[in-house]
Amino acid sequence: MNRTVDAERARVHLHSLFMQAPAPIIVLSGPEHHVELVNAPYQRLVSREVRVGRPLRETFPELESQGIFAILDQVYTSGTPFEGKELSVRLRASEEAQEQERFFNFVYQPMRGTNGNVEGIMTVAYDVTEQVRARQQETRAAAFLRQRQNELALSAELGVAFAGALSIREVLHRCAEAMVRHLDAAFARIWTLDEGSDVLELQASAGQYTHLDGPHARIPVGRFKIGLIAREARPHHTNDVLNDERIGNREWAKREGMVSFAGYPLIVDSKVIGVMAMFSRVPLKEGTLSALASIADSVAVGVQRKRAEARAREESETLDLLNKVGQSIAAELDTDKLVQAITDSATRLTGAQFGAFFYNVVDDRGESYTLYTISGVPREAFSKFPMPRNTKVFAPTFAGEGVVRVANIRKDSRYGQNAPYHGMPGGHLPVVSYLAVPVVSRDGRVLGGLFFGHGKEGVFTERAERLAVGVAAQAAIAMDNARLFREAQRLIRALEQSNQDLDQFAYVTSHDLKAPLRGIANLSQWLEEDLGAALGADSKKHLELMRRRVHRMEALIDGILQYSRAGRVRGKPELMDVGKVLHELIELVAPRPPAVLEVEGELPALYSERVPFQQVLMNLITNALKHARREDARVVVSAAEDGELCRFTVTDNGPGIAPEFHERIWGIFQTLEARDKVEGTGIGLAVVKKVVESRGGRAWVESSPGAGAKFHFTWPRKEGTA
């Protein structure tokens, strides 16, 4: 009896311990795994009511298909404990709820009776779902991070490659190598498509295959998987290469263990410029495909930028070449040497075997062209042939209609259409590639044409055409300049001869006119002396008036001679102290007191001709004193810097000049008062204006009646800088 009571107490105590244990515990009995005991932590663990006395299957029927009951059966049968680590179990919170995956650490411990046989199983379980998911998330994050690192490393390599000074082929080779290295590709390839072309050209291959020749070197758009990607302008990828209908050689793919393929079009501004593709021996994940799409965009932009850089570099080199050609021919003014230099330069730049310039000369029949220069071959190579005529091949050039560039002129529809040769005459230099550019002057005249030939097909590129057009433009300008230079030289010689004739005429005219005037003056003087007292007062007055007018006529003749030479005759510039020059003029003019001639402020030094400058100042000063109409005339000379010029001002206190006469006074023979009242020829200010303007300056007046006048003129500080 006591032993039974003790056993019951022990059982109750054990039950109490199980129920109070913090760990989730469930005790199963018998081969059907009836629930004998379940504590509160276990109930909370499974989030549903576990019925005691009923088989565990009734509470958790979803575990049947997950192998849990098979494990329990094995433990019960074998008596061997089972320990599960992070075992995945799908449980329902209720019969209506969806299954949710959870992870548990648990122990299935067999429980034996007094006879040593297994009577049940005690399960201790812990929910480690959060830890497992956290670790899974870390694993995914790490995998994602590695993938991103690979992508970033790949992008960085692409950026460095495209930023360098490599050619497009070199850059794309580096891109293909980077794809193999960072995306686990078996091999990668990149093709490019030129604008207007329908053939993809293989530019790079890395990994298992590195050769660029073979059947994949040139792929027509629309053929094979690569050509289809280009035509459709959309990517194609698969993780089942052996069953993909676009994979042409599946035996090869099986033999090499290829699993996946991805190909992407390289698109810029909605235009396909190439295709990028790779094979791999592992499946391609979604992240890798996304990376490939991004890489394809980067490669497309990089290729386009490289092409733009190449074009810019080519254009820069072209401009540099044309600039050098322009410099070499710009200084040449001999037409024969000029056109030969043009032909030589153009032949060299275009890569032609020979080049020629035909001058556009029209005969009575309206079509005859004369050979002007030849380059690349002796002139005798053309001398035995007749000059080119207005044939269908030559006509567009001689008419100035535009450039003719043909890869093979013998296949051109215009070739061989004219008698008597119907092509090139026998013995003519072999011409296959043909390029012709008209040379058109600035006024639209067709001066002739530059013609280039080569014995091979397809020699002349777009760049060669641009160079030829550039040289033709330079040629037209240079030939126009040479023509203008010849005309200018002719005009200069004619002008020099005219000036000599004018000087001779002016000198002779001056001498011939002054001789009778001096005779008249002398005769009037002799009459006055011979007649003496017999001469009346009126007669004396008339003789005096006649002599004054004779002197005025002499002054007028001198003024005309001076005006005719003003600005034409040039002397040697010298460093000139204007203050010193002006004081010499003051001593020379020597105004009679109370009239004064003053200098205001500092006067500059000029590097100029002395005589013309003295002539201008002298005319303005004497003009101011002569027309002052007052004994206390005051004339002031001042100067101020005006950039590369100096502005000189001659100020007087005379009667002033009305605004309507400010322009008139500068004209030749123009005076505002009668010559009998104020002696003058009306030439002085005209000479001033002509001399000043010949030095690049200008002359003007500021004045109003009763307020005096300010005569201004500008003069270069250094001769030739204005």
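Guide: Glu86 counts as partly exposed, because its relative accessible area is 32%, a value between the 20% and 50% cut-offs. Keep in mind that this is a predicted model. Glu86 sits in strand S3, residues 82-91, and its phi is positive, about 50°, although Glu86 is not a glycine. Ser47 is another non-glycine residue with a positive phi, in this case near 60°. You'll find Ser47 in the loop that runs between helix H2 (40-46) and helix H3 (56-59). With 42% relative accessibility, Ser47 is partly exposed too.

Which residues of H15 are buried? They are Val578, Gly579, Val581, Leu582, Leu585 and Ile586. Look down the axis of H15 and these buried residues fall within an arc of 160°, which means that they line one face of the helix.

What do the buried residues of H15 pack against? Their partners include strands S17 (574-577), S18 (596-599) and S19 (605-608). Helix H16 (610-626) packs against them as well, along with strands S20 (634-642) and S21 (645-652).

Both ends of H15 have something to show. At its start, a side-chain oxygen of Asp577 comes to within 3.0 Å of the backbone nitrogen of Gly579. After H15 comes Ala590, with a positive phi near 45°. Carry on into the loop between H15 and S18 and you reach Pro594. The peptide bond that joins Pro593 to Pro594 is cis, and its omega is near 10°.

On to the rings. The count of aromatic pairs is 16. In one of them, Phe187 and Phe279 have ring centres 5.4 Å apart and planes at 25°; the pair is stacked because that angle is under 30 degrees. This pair links distant parts of the chain, with Phe187 in strand S6 (residues 187-192) and Phe279 in strand S11 (residues 271-280), 92 residues apart. Phe187 and Phe279 are both buried. They also belong to a cluster that ring pairs build from Phe187, Tyr209, Trp252, Phe261 and Phe279.

Phe613 and Phe648 make an edge-to-face pair, 5.2 Å from centre to centre and with 65° between the planes. That brings us back to the surroundings of H15, as H16 and S21 are among the elements its buried residues pack against. Phe613 is in helix H16 and Phe648 in strand S21, so their pair ties together parts that lie 35 residues apart in sequence. Phe613 is buried, at 0% relative accessibility, and Phe648 is buried at 1%.

Rings also turn up with charges over them. Arg57 lies over the face of Phe69, 4.5 Å from the ring centre. Arg698 has its charged end over the ring of Trp700, at 3.8 Å from the centre.

Methods. Residues numbered from 1 in each chain as written. Predicted model: local features only at pLDDT ≥ 70, side-chain atom pairs only at ≥ 80, totals over all residues. Heavy atoms only, no water. Buried < 20%, exposed > 50% of the residue type's maximum accessible area, 1.4 Å probe, protein only. Helix = DSSP H or I, 4+ residues; strand = E, 2+ residues; numbered from the N terminus. Arc of directions from axis to C-beta. Contact = heavy atoms within 4.5 Å. Polar contact = N/O pair within 3.5 Å; in protein donor to acceptor, adjacent residues only side chain to side chain. Phe/Tyr/Trp six-rings, centres within 6.5 Å; stacked < 30°, edge-to-face > 60°. Lys NZ or Arg CZ within 6 Å of the ring centre and 35° of its normal.
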